[in-house]
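Let's look at how some structural labels get decided. Each one comes down to checking a value against a rule.

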Amino acid sequence: MNILMPFLAVLALVVIPLLGAQIDGLKWLFGIVIPYAAIATFLGFFVAKVVDWAKSPAPFSIATSGGQAKSLPWVKQSTLDCPSSTAGVVGRMFLEIVCFRSLFRNTRTSIQAGPRLIYGPTKWLWLFGILFHYSFFIIFLRHFRLFVDPVPAPILALDAMDSFFQITLPGLYVTDLLILGAATFLFLRRVIIPQVRYISLANDYFPLFLIFAVCLSGILMRYIFKVNIAGVKEFLIGLADFSPSINPEIGAPFYVHLFLVSTLMAYFPFSKLMHLPGVFMSPTRNLTTNSREVRHLNPWNDPNIKPHAYEAYEDEFRDFMRDAGLPLEKDPQQPQA
């Protein structure tokens, strides 16, 4: 059911605009109202969640276990995994955001005959993860050519580089193939590996199906169910200028694609996709790991609560500890050796 329900939900998201856009009176709903509502939902809840995260206090330096923290002079520090300076934090954040470094370090453990615990690398997840995200980013940038006129030169150059495979007409986008392949891998990984399948929920499969449907509908619209691209651009420029008007020559496949994209935008702030801004807000990534050289005090500690040594703690709770059978360092009721 964790797989079937998200699949049926995405299938319904395809069928609804496919049927609804056949009715002229509903095209304004799928072409204007729903896209604007999705953008408003995305911006409103995205910003609200990030602001809420930014307000959450993080007074302590939360150490990561990916390397050696700064310690004694003769102990070599892992300056990127446990940075104790701002420059190190910037380097860690850059590699995390641009290269997915923590995912590259992902390791696999298995128990083999002996028994022996064996560690090994699993770089396929990193490879397909980075292909998925970069392809999505390039496709997102490419679509700006539909919203502006004239199209900026960098967008034209990106479009030309992405479609250098001239084996179809119009040119075949490399990122279209990469993102479908990467999404398929991420889905099969969740289905085939028993441990990953066990912890996968419906909200893990739904965004995968949804993004796959968005990409597939765009590809089909480009190569199979072709639409009036001049009419689409005219409509989208009007949408961006807040002066939209329905073009009757635009076919239903475009409304399916637009509805799926609108659903993805509205769903984004409530889903695991919020790891996009979350990576910038993670204390394990954006704080220095200097807890061995700096004492971090919680600013809202009650000053009336004094440090409590273990000896005083045992004096206060000795009777309860004795009744519970806990070991005592000093027990007046026991004869001293």
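This is a predicted model: local features need pLDDT of at least 70, side-chain atom pairs count only at pLDDT 80 or more; totals for chains, interfaces and linings use all residues.

Residues are numbered from 1 along each chain as its sequence is written, and side-chain values use heavy atoms, with hydrogens and water left out.

Q: Why are helix 9 and helix 11 called roughly antiparallel?
A: Helix 9 (residues 202-223) and helix 11 (residues 252-267) pack at about 150°, with axes 9 Å apart. Angles over 145 degrees count as roughly antiparallel (under 35 is roughly parallel, 65 to 115 roughly perpendicular, the rest oblique). So helix 9 and helix 11 are roughly antiparallel to each other.

Q: How do you know which residues of helix 9 meet helix 11?
A: Contact means heavy atoms within 4.5 Å. Among the residues that meet are Phe206, Leu210 and Val214 in helix 9, and Phe254, His257 and Leu260 in helix 11. By class, this contact of helix 9 with helix 11 has 13 nonpolar, five polar and no charged residues.

Q: Why is methionine 5 called partly exposed?
A: Methionine 5 sits in helix 1 (residues 4-20). Its relative accessible area is 45%. Buried means under 20%, exposed means over 50%, and partly exposed is in between (1.4 Å probe, protein chains only). So methionine 5 is partly exposed.

Q: What makes a set of residues a nonpolar core?
A: The set has to be buried Ala, Val, Leu, Ile, Met, Phe, Trp, Tyr and Cys residues, joined through side-chain atoms within 4.5 Å. The largest nonpolar core here has 46 residues, and Phe132, Leu210, Phe235, Leu236, Phe254 and Leu260 have the most contacts inside it. Helix 9 gives the most to this core, with twelve residues.

Q: Which residues is phenylalanine 132 in contact with, leaving aside its neighbours within four places in sequence?
A: Phenylalanine 132 touches Ile179, Ala182, Ala183, Leu186 and Ile211.

Terms used
Axes are lines fitted to C-alpha atoms, for helices over the stretch in contact, and angles run from 0 to 180 degrees between N-to-C directions. Helices (H or I, at least four residues) and strands (E, at least two) are DSSP runs, numbered from the N terminus. Ala, Val, Leu, Ile, Met, Phe, Trp, Tyr, Cys and Pro count as nonpolar, Asp, Glu, Lys and Arg as charged, and the others, Gly among them, as polar.
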